[in-house]
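Dear colleague,

I am handing over the structure below for your files. My findings follow it, arranged by topic.

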Amino acid sequence: EFQILQTPSYAIILHEYPGVFRIVPTTGAAHPVDPDPTWMGDSVGKWEGDTLVVDTVGFNTRTELSGFKHSEGLHIVERFSRPDFDTLQYEATLEDPNVFVRPWTVSRTFPLRPDLNKIDEFVCENNKDYSKLFVK
């Protein structure tokens, strides 16, 4: 799950998993010439009509995409639109000429969830009781 907050100059994307956020300038800012690689990359956004287009480069190599490794050459273009009040349409085109033969696109439709009023904390922990495996 994620939430998008908007100001006149930024779109703020809050991700429940893995508990990170992105502050995306929508003022026409450009990417740095040589961005320092980060987990979430460097994002810039613009509006194309009613669609928010977020362009992201500058990823480190510590993440995977659907189980596939990528290089620092990863480039993702995301499109967020609302075809109607109750629906968010998400599309992402991913390319990395060092790894993938050609760009590929994923899309997903999200329903509006007014019943969810916060981003929950995501904690990855194993709740299994291992005490029976140890002699006291």
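Ile76 is found in strand 8. Please note that the model is a predicted one. With a relative accessibility of 11%, Ile76 counts as buried, because this value lies under 20%. Apart from neighbours within four places in sequence, Ile76 is in contact with Val54, Asp55, Thr56, Phe59, Ala92, Thr93 and Leu94. Between the C-alpha atoms of Ile76 and Glu121, which are 45 residues apart along the chain, the separation is 26 Å.

Five strands make up an open sheet in the order 4-5-8-9-10, with antiparallel pairing. Strand 4 (42-48) and strand 10 (104-111) stand at the edges; each has a single partner strand, so one side of each is left without a neighbour in the sheet. On average, and with direction ignored, neighbouring strands of this sheet are turned by 20° against each other.

Strand 4 is joined to strand 5 by seven bridges, and the two run antiparallel. Within this pairing, Trp47 has Leu52 of strand 5 as its bridge partner. The two strands form a hairpin with two residues between them, and Gly49 in the turn has a positive phi of about 65°.

On to the next pair in the sheet: strand 5 and strand 8 (residues 75-84) are paired in the antiparallel sense over five bridges. Here Val54 has Glu78 of strand 8 as its bridge partner.

Thr51 belongs to strand 5 (residues 51-57). The relative accessible area of Thr51 is 19%, which means that this residue is buried, the limit being under 20%. Leaving out neighbours within four places in sequence, the contacts of Thr51 are Lys46, Arg79, Phe80 and Ser81.

**Salt bridges**

The count of salt bridges comes to five. One of them joins the side chains of Glu78 and Arg22, at 2.9 Å from N to O. This pair links distant parts of the chain, with Glu78 in strand 8 and Arg22 in strand 3 (residues 20-25), 56 residues apart. Are these two residues buried or exposed? Glu78 counts as buried at 6% relative accessibility, and Arg22 is buried as well, with a relative accessible area of 8%.

A salt bridge is also formed by Lys46 and Glu48, whose closest N and O atoms are 3.5 Å apart. Lys46 is partly exposed, with a relative accessible area of 45%, and Glu48 is partly exposed at 37%. Together with Arg79, these residues are linked in a network of salt bridges.

Glu64 forms a salt bridge with Lys69, and the closest N and O atoms of this pair are 3.9 Å apart. Glu64 counts as partly exposed at 48% relative accessibility, and Lys69 counts as partly exposed at 47%.

**A nonpolar surface patch**

Which residues form a nonpolar patch on the surface? They are Tyr10, Phe21 and Ile23, which together have about 330 Å² of accessible area. Tyr10 lies in strand 2 (residues 10-15). At 39% relative accessibility, Tyr10 counts as partly exposed.

Yours sincerely

How values were computed:
Residues numbered from 1 in each chain as written. Predicted model: local features only at pLDDT ≥ 70, side-chain atom pairs only at ≥ 80, totals over all residues. Heavy atoms only, no water. Helix = DSSP H or I, 4+ residues; strand = E, 2+ residues; numbered from the N terminus. Buried < 20%, exposed > 50% of the residue type's maximum accessible area, 1.4 Å probe, protein only. Contact = heavy atoms within 4.5 Å. Pairing = 2+ DSSP bridges. Axes fitted to C-alpha atoms, helices over the stretch in contact; angles between N-to-C directions. Patch = residues over 30% accessible without salt bridge, like charges linked within 9 Å, V, L, I, M, F, W, Y side chains within 5 Å. Areas by Shrake-Rupley, 256 points an atom, 1.4 Å probe, with all protein chains shown as cover. Salt bridge = Lys/Arg side-chain N within 4 Å of Asp/Glu carboxyl O.
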